[in-house]
Amino acid sequence: MLLQFPRLLRTIWYLKPGQVIFQIKNKLLHAKPLSKYKQRMGSSLSPLTLIAIPSQVIVVGPNHFKLLNQTHSFAEKIDWNFNGYGKLWNYNLQYLNYLNQKNLSEEIRVSWIRDLYDSLNSGHVKLEPYPVSLRIMSLIRFLSNDEVRIGRYDDIVENLYSELTFLNDNYEHHILGNHLIENAFAMLMGGYFFNNQEWKVKAHNTLIVQLKEQILEDGAHFELSPMYHQIILFRVLETLSYLPKGETLFSILKTKAGLMLGWLGEMTFPNGDIPHFNDSADGIALTTAELFSIADSLNVNSTIVALQDSGYRKLENDSCVLIADIKGISPAYQPGHNHADHLSFILFVHGKPFIVDPGTSTYEVSSRRQWERSTKAHNTVTVNSKDQSEVWGGFRVGRRAGVKVLVQDRDMISACAEYSGIKHNRVFSINSDSISIFDSVNSGDRTVSRFFLHPSVRILSSSDSKIAFDNNLSVRFENVNGFQIKDYEYALGFNRLLKAKVIEVYFTLNCKSIFSKV
């Protein structure tokens with residue numbers, strides 16, 4: 001324990017003072033059951049006019065759920081505390097997103113809602129602000145889709161009001177980031193649904209502050225995960241669908257939505273894929289195409305701003321698109337979804353994935369989670385097997401690398417990462433026929449550059465310094481000590497892995513990797 005204390009201090013150092021205070025408060029206070037938050041409802045209800053959401057098939061049989069690519073069948077009664085697949089699976093069970101699934105009978109949906117509320121009221125299931133926030137929004141969608149439901153299910157409406165009462169007192173100031181903004185979106189929706197002015201004002205003020213901080217000048221969500229960017233963009237668009245146009249927040253949201261669409265468009269590859277930088281996985285958020293379709297229905301246009309504040313950079317020619325990650329840990333006080341992937345990149349060729357990020361398959365604290373966040377799991381350089389930034393414990397980061405862009409133009413990017421006395425310089429350059437990556441380090445001990453291939457990529461041949469692939473591309477290495485082709489497991493999504501190949505290139509102080517047409 002004493003050996004881990006310095007790492008803990010390095011982690012806490014970056015927190016905001018308020019986070020520390022709220023962390024202590026949360027540890028000391030015990031969660032109360034939902035029944036303790038029962039209050040008399042005030043004004044009449046106002047069902048919201050909300051945008052339609054593409055329906056996911058989550059319930060695949062009686063009490064049989066498929067969440068995060070893992071299925072579980074409950075014999076008779078749903079155990080809302082089921083943790084056989086970890087906390088995130090249980091959270092997804094509690095979100096009630098499947099209320100939107102069209103082939104479920106209303107009787108089944110209502111029985112599940114009531115059953116979950118019985119567990120929440122008794123204290124058998126603990127109230128937690130994040131799943132509460134997402135559940136509130138799911139239930140308001142369910143109730144607003146058919147106004148008759150509001151009068152038919154008074155007990156559900158009363159429990160929903162109690163959850164909002166709880167959330168109003170428990171915004172996640174100890175976590176901040178995407179958690180806090182989700183709290184505010186849920187409270188704003190609840191405020192309009194219940195005509196509660198206090199909730200609306202508080203959520204409105206929180207969103208104005210958080211949107212200003214969390215949405216960067218180039219439109220990126222500041223946690224720099226394309227997946228979470230898609231999630232927050234949907235929240236922004238959904239809020240625009242019911243918020244009165246005269247509200248100050250409406251114009252702010254519309255401006256942010258345009259910037260977020262512009263950034264997402266720049267970051268999405270020609271086949272519709274997002275890069276799996278940081279914590280990103282397929283099958284969680286609405287796709288880029290679905291989000292642009294929703295935006296179009298709301299008359300929200302994208303605003304294209306050159307990639308800048310987010311630290312991502314893009315190079316492309318007629319056949320290749322390369323996106324590089326040139327950013328340190330962001331934001332400093334909420335690094336939970338960051339990876340030690342500085343100066344990494346992803347490369348698509350002829351609209352198909354070629355060099356990829358291995359992706360995110362789990363949030364469970366495990367060797368797999370540690371590897372997925374480590375420098376070894378990215379298309380960058382490791383020296384002495386050391387992580388650029390000190391990722392640990394599933395969602396923690398201690399020591400952080402300094403990362404900066406040195407020079408950039410239309411066809412070239414030069415950047416560096418410094419950590420623990422190590423300095424890694426990387427130059428990406430592109431022309432009509434090739435892409436070259438030049439790496440140099442100030443230490444020559446056990447230096448490895450990695451290139452993770454998509455599972456669909458096949459290696460046709462290899463020699464001492466060259467590898468040819470089945471996409472009419474080859475890579476040639478200069479000034480290296482050799483390379484090896486190894487197996488790794490690529491994340492197709494949460495809890496879905498597929499074998500693929502990774503190229504490990506060994507060098508001393510500098511090397512050059514040149515991708516060109518065969």
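**A walk through the model**

Start at L96: just after α3, this residue takes a positive phi of about 65°. Helices here are DSSP runs of H or I with at least four residues, strands are E runs of at least two, and both are numbered from the N terminus.

A quick word before you click on. You're looking at a predicted model, so to speak of local features pLDDT has to be at least 70, and side-chain atom pairs count only at pLDDT 80 or more, while totals for chains, interfaces and linings use all residues. Residue numbers run from 1 along each chain as its sequence is written, and side-chain values use heavy atoms, with hydrogens and water left out.

**Stop 1: helix α3**

Select residues 87-95. Eight of the nine residues of this helix are buried, so α3 is largely enclosed by the rest of the structure. Buried means under 20% relative accessible area, exposed means over 50%, and partly exposed is in between (1.4 Å probe, protein chains only). To colour the buried ones, pick L88, W89, N90, Y91, N92, L93, Q94 and Y95. What covers them? Show β2 (64-67), β3 (70-73), α4 (106-122) and α5 (129-144), which are included in the cover.

While β2 and β3 are on screen, click N69 in the loop between them. N69 isn't a glycine, yet its phi is positive, near 65°. At 33% relative accessibility, N69 counts as partly exposed.

**Stop 2: a nonpolar patch**

Now go to helix α1 (residues 5-12), where you'll find I12. Together with F5, L8 and L9, I12 makes a nonpolar surface patch of about 340 Å². Patch members have over 30% relative accessible area and no salt bridge; like charges are joined within 9 Å, and nonpolar side chains (Val, Leu, Ile, Met, Phe, Trp, Tyr) within 5 Å. A salt bridge would be a side-chain nitrogen of Lys or Arg within 4 Å of a carboxyl oxygen of Asp or Glu. The areas come from the Shrake-Rupley method with a 1.4 Å probe, and for residues only the protein chains shown count as cover. I12 itself is partly exposed, with a relative accessible area of 36%.

**Stop 3: a four-stranded sheet**

Next, bring up the open sheet with the order β4-β5-β6-β7 and antiparallel pairing. Its edge strands, β4 (312-316) and β7 (352-355), each pair on one side only. From one strand to the next, the twist averages 25° (axes are lines fitted to C-alpha atoms, for helices over the stretch in contact, and angles between N-to-C directions run from 0 to 180 degrees).

Zoom in on β5 (residues 320-325) and β6 (residues 344-349), an antiparallel pair with six bridges; strands pair if DSSP finds at least two bridges between them. Select I323 and you'll see I346 of β6 standing opposite. Then follow the loop between β5 and β6 to P331. S330 and P331 are joined by a cis peptide bond, with omega of about -10°.

**Stop 4**

Jump to S420, in the loop between β12 (412-419) and β13 (422-430). Another non-glycine with a positive phi, S420 has a value near 50°, and at 41% relative accessibility it counts as partly exposed.

Buried or exposed? G482 is buried, with a relative accessible area of 19%. Beyond its neighbours within four places in sequence, G482 is in contact with E504, V505 and Y506, contact being heavy atoms within 4.5 Å.
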